[in-house]
Amino acid sequence: MRISSNTMFESTVSAMTQQQSQMLHTQQQIATGKKLITPSDDPLAAARALDVTHSAAVNAQYSVNRGAAKDSLTIAEGILGSITELMLNIRDTATSAGAPSNTDGTRQAVANSLQSSLQQLVGFANSQDGVGNYMFAGFQTKTPPFVDTSAGTSYFGDDGQRLVQVSSSQQMEISNNGADLFMRIKNGNGSFLTQANTANTGTGVASLGSVTTPALLTGNNYSVTFSVAAGVTTYSVNNTTTGLPVAGMTAQPYVSGQAISFDGLKFDVKGVPANGDVFSVAPSTNQSVFSTIQDMIDTLKAPVLGGNMAQLTAGMAQGLAQLDAALQNVTNVRATMGLRLNELDATQAAGDNLDLNLQKTLSQLQDTDYAKAITDLTMQQTTLQAAQKSFTSVANLSLFSYL
């Protein structure tokens with residue numbers, strides 16, 4: 001076969017150019033640390049690396065979300081801790097204020113102190129996070145949720161609960177609305193409320209009571225009316241919702257501290273009720289912690305007439321029980337925040353492990369194997385040098401050199 005000098009030159013140059021291109025590609029792999037310089041180097045690995053990179057970016061965003069959620073929950077949990085401490089102080093102050101040895105002036109001073117604590121509590125309830133969002137306003141994060149009005153402290157937020165996506169399959173609550181936290185506290189014992197008529201003149205004080213048979217509860221309102229005749233005290237129970245007397249509860253003999261039971265509930269009255277004194281029984285309704293404290297303030301401000309402590313004792317006992325319910329509600333919410341923080345830590349640990357595995361997979365797909373790359377570069381250099389030397393020898397072969 002006849003091979004022209006031009007063909008030999010073109011073939012040799014093409015081969016050396018290809019070898020130089022391969023050597024340049026290897027040099028780029030070493031310089032960048034990436035073995036996939038272009039997708040054509042390994043289309044399958046390039047596609048897989050793109051998927052892994054996307055997964056790593058999504059996981060990184062979830063990590064940012066988890067950090068934001070943890071910050072919000074940590075701030076909220078700290079605020080609830082301060083609220084718990086404040087409410088305990090209010091309880092201690094209110095408990096001491098009900099002592100019979102206190103004067104009207106002393107109780108007035110305590111009431112003023114409780115008024116200051118109430119304003120501080122409202123301030124805590126209107127707390128904001130690091131970016132200025134009101135933490136207990138539901139979705140209305142730019143509006144102060146609790147405002148003092150003529151009707152007392154009112155809630156102007158909503159029932160929303162903000163969520164953050166912390167993993168591909170999990171959303172985390174990062175807020176609790178103020179309505180559930182501060183406003184919707186069942187009064188009385190949680191099932192019914194006993195109250196003395198403000199016109200009562202006796203010393204009778206009703207207990208909170210309890211439910212004996214839930215199935216027998218009617219949800220109706222009742223009145224317990226006391227009568228005193230010839231030194232004998234009796235009581236009668238009427239269903240004020242139906243307007244009918246409760247069967248078997250007419251002119252019952254009264255004994256201080258003895259249970260009064262009917263329609264699945266019971267409570268007792270201690271002290272000496274006067275003729276015509278009335279105690280009401282009604283289903284429990286929602287009452288805010290702010291109203292509870294304000295009611296105790298009003299009770300302490302009212303003068304004790306004739307040394308009759310019944311109204312004061314009953315009002316403070318009811319207020320303290322309601323305050324305990326509010327405190328328990330705050331404690332329960334704070335506990336759920338602690339659980340969510342623990343869950344976030346576990347989710348973050350899983351996310352960190354996932355990121356480590358993704359980075360490992362990505363490294364295997366696209367990172368340069370330096371030992372192999374340097375070996376390849378050395379071989380390519382040697383091959384190119386050999387090709388260049390052989391080319392110089394072949395290029396000098398010409399018939400004219402011998403003429």
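Student: What does the accessible surface of the protein chain come to?
Tutor: About 21400 Å², and 56% of that belongs to carbon and sulfur atoms. Keep in mind that this is a predicted model.

Student: OK, and how much of the chain is buried?
Tutor: Buried residues make up 37% of the 403 residues in the protein chain.

Student: How many helices and strands are there?
Tutor: The chain has 7 helices and 16 strands.

Student: Let's take helix 3 and helix 5. At what angle do their axes cross?
Tutor: Roughly 165 degrees, and the axes come within 8 Å. Helix 3 covers residues 104–125, while helix 5 covers residues 289–301. With that angle over 145 degrees, helix 3 is roughly antiparallel to helix 5.

Student: Is the crossing left-handed or right-handed?
Tutor: Helix 3 passes helix 5 in a left-handed crossing.

Student: Which residues make the contact?
Tutor: From helix 3, they include Val 110, Leu 114, Leu 118 and Leu 121. Helix 5 brings residues including Phe 290, Ile 293 and Ile 297. By class, the contact has 12 nonpolar, 4 polar and 2 charged residues.

Student: Switching topic: where is Pro 253?
Tutor: Pro 253 is in strand 12, which runs over residues 252–253.

Student: Buried or exposed?
Tutor: Pro 253 has a relative accessible area of 54%. Exposed means over 50%, so Pro 253 counts as exposed.

Student: What is Pro 253 in contact with, leaving aside neighbours within four places in sequence?
Tutor: Thr 233, Thr 234, Tyr 235 and Gln 258. Tyr 235 is 18 residues away from Pro 253 along the chain, and their C-alpha atoms are separated by 6.6 Å.

How values were computed: Residues numbered from 1 in each chain as written. Predicted model: local features only at pLDDT ≥ 70, side-chain atom pairs only at ≥ 80, totals over all residues. Heavy atoms only, no water. Axes fitted to C-alpha atoms, helices over the stretch in contact; angles between N-to-C directions. Helix = DSSP H or I, 4+ residues; strand = E, 2+ residues; numbered from the N terminus. Parallel < 35°, antiparallel > 145°, perpendicular 65-115°, else oblique. Left-handed = near helix turned anticlockwise from the far one by under 90°. Contact = heavy atoms within 4.5 Å. Nonpolar A, V, L, I, M, F, W, Y, C, P; charged D, E, K, R; others polar. Buried < 20%, exposed > 50% of the residue type's maximum accessible area, 1.4 Å probe, protein only. Areas by Shrake-Rupley, 256 points an atom, 1.4 Å probe, with all protein chains shown as cover.
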